[in-house]
Amino acid sequence: MLTVRSCYQPTNHYHNFRHAIDVLQATFQVLVQSNILPPLNSTVLSNPIEPLLPTDYISPVEVLALCIAAVGHDAAHPGVTNAFLAASSSSLATLFNDRSVLENLHCLTISKIIEERWPALFDDEDGRFRKLVIEMILSTDMALHFEFMARFEALRGAIVGQPIDEKQRRLVCCCLMKSADISNLVFRLLV
Amino acid sequence: MKHLQNRISKGVSETVALQRYKKSRIAPQPRLDVFSSWIEDNTCILSIFVLTIRIIDHVVQSYAPQPNLLRRPIPLEDYLTPISSAHLASLAEKVNNWDFHAGQYSLEDLIWMAILILEHVLSTGGPDLEKYKVSRGISLNIPAN
């Protein structure tokens, strides 16, 4: 966590470590309010309880991936937009072909940190956990927002009362991630 | 004498006609040449513009993960100071509160909050998350409410 914090630029007035924790806490709250996670308290920490929803809705692995993605979703953010990076022919934009440049940078950063500091996370045979984290971070690119929302709207109509498959679960996770990322808009303004 | 004057005037008129002809044959300056000449005339402005872009690029690059990012030891002053059980419990209470603003807490408290959430997810995830658990060397001890 100390390494993650060091990757966030304190000079960046918005996309800094505080924003990362804000998004992590919002993700946690959404999971608690959805009865996917129990609230945080001493009883839960000392005596683990069964999840309130069946695990085929959102699995514990996906919950953990959501939290990791929330912490790292803006890691190493330089404080400029994707459009700026592309227009200024930045090396980063060239590296990522002008597509979701910042989001790719965040994925790269958090992947490197996990590989070094928590390698067990990426230790599955099919790389599922890593794919999940990457997909969730890439979904925070607002340039893809409307395309993503169209997919989510289609899914919403299809899954009412139905069991959902892994692809659909990943889409739900991405939606949770996006909601948490922009959740600061619904919080009380402290002036 | 008159004959000579006629020859001279004829020669002058021919020269003028030739110059007019040559001028009429000059192709219009291509757009690229116009742009190139503008660049030559405004080299200074362009240099400043290019330099500014390069500086911005350099600044942006400096934020990107450096190759030695993970090899650098964490400075001693960055290590977390020991936290009391009571303080941990108060942080857990704040994390449980929907009305949460990270801007109100110190960076150290925020790190502890993140650890609390991850610990919570790992401890409530059952056997699926068993393989992801790592030892921190200590256990979080939160007093009962």
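**Figure 1. Helix 9 of chain A is hardly covered.** In this predicted model, the count of buried residues among the 14 residues of helix 9 is zero. The helix comprises residues 145-158 of chain A. From its first C-alpha to its last, helix 9 reaches 20 Å, which is close to the 20 Å expected at 1.5 Å a residue.

**Figure 2. Chain A is built from ten helices and zero strands.** Along the sequence, the secondary structure of chain A reads α-α-α-α-α-α-α-α-α-α. Of the 191 residues in this chain, 41% count as buried. Among contacts in chain A with a separation of 6 or more, 70% are between residues 24 or more positions apart.

**Figure 3. A:A20 is a buried residue of chain A.** This alanine belongs to helix 2, which covers residues 17-33. A:A20 counts as buried because it has 25 C-beta neighbours inside 10 Å, and the cut-off for a buried residue is 20 or more. When residues up to four places away in sequence are not counted, A:A20 touches A:Y8, A:V71 and A:D74. A:A70 is 50 residues apart from A:A20 in sequence, yet their C-alpha atoms are 6.4 Å apart in space.

**Figure 4. A:L66 lies in the largest nonpolar core.** This core has 66 residues, and those touching the most other members are A:L24, A:L66, A:C67, A:V133, A:M136 and B:I117. With neighbours within four places in sequence left aside, A:L66 is in contact with A:T27, A:M136, A:C173, A:L176 and A:M177. In soluble globular proteins, nonpolar side chains tend to be buried together.

How values were computed
Residues numbered from 1 in each chain as written. Chains lettered and ligands numbered in written order. Predicted model: local features only at pLDDT ≥ 70, side-chain atom pairs only at ≥ 80, totals over all residues. Helix = DSSP H or I, 4+ residues; strand = E, 2+ residues; numbered from the N terminus. Expected span 1.5 Å × (residues − 1). Buried ≥ 20, exposed ≤ 12 C-beta atoms within 10 Å, placed from the backbone. Core = buried A, V, L, I, M, F, W, Y, C linked by C-beta atoms within 7 Å. Contact = placed C-beta atoms within 7 Å.
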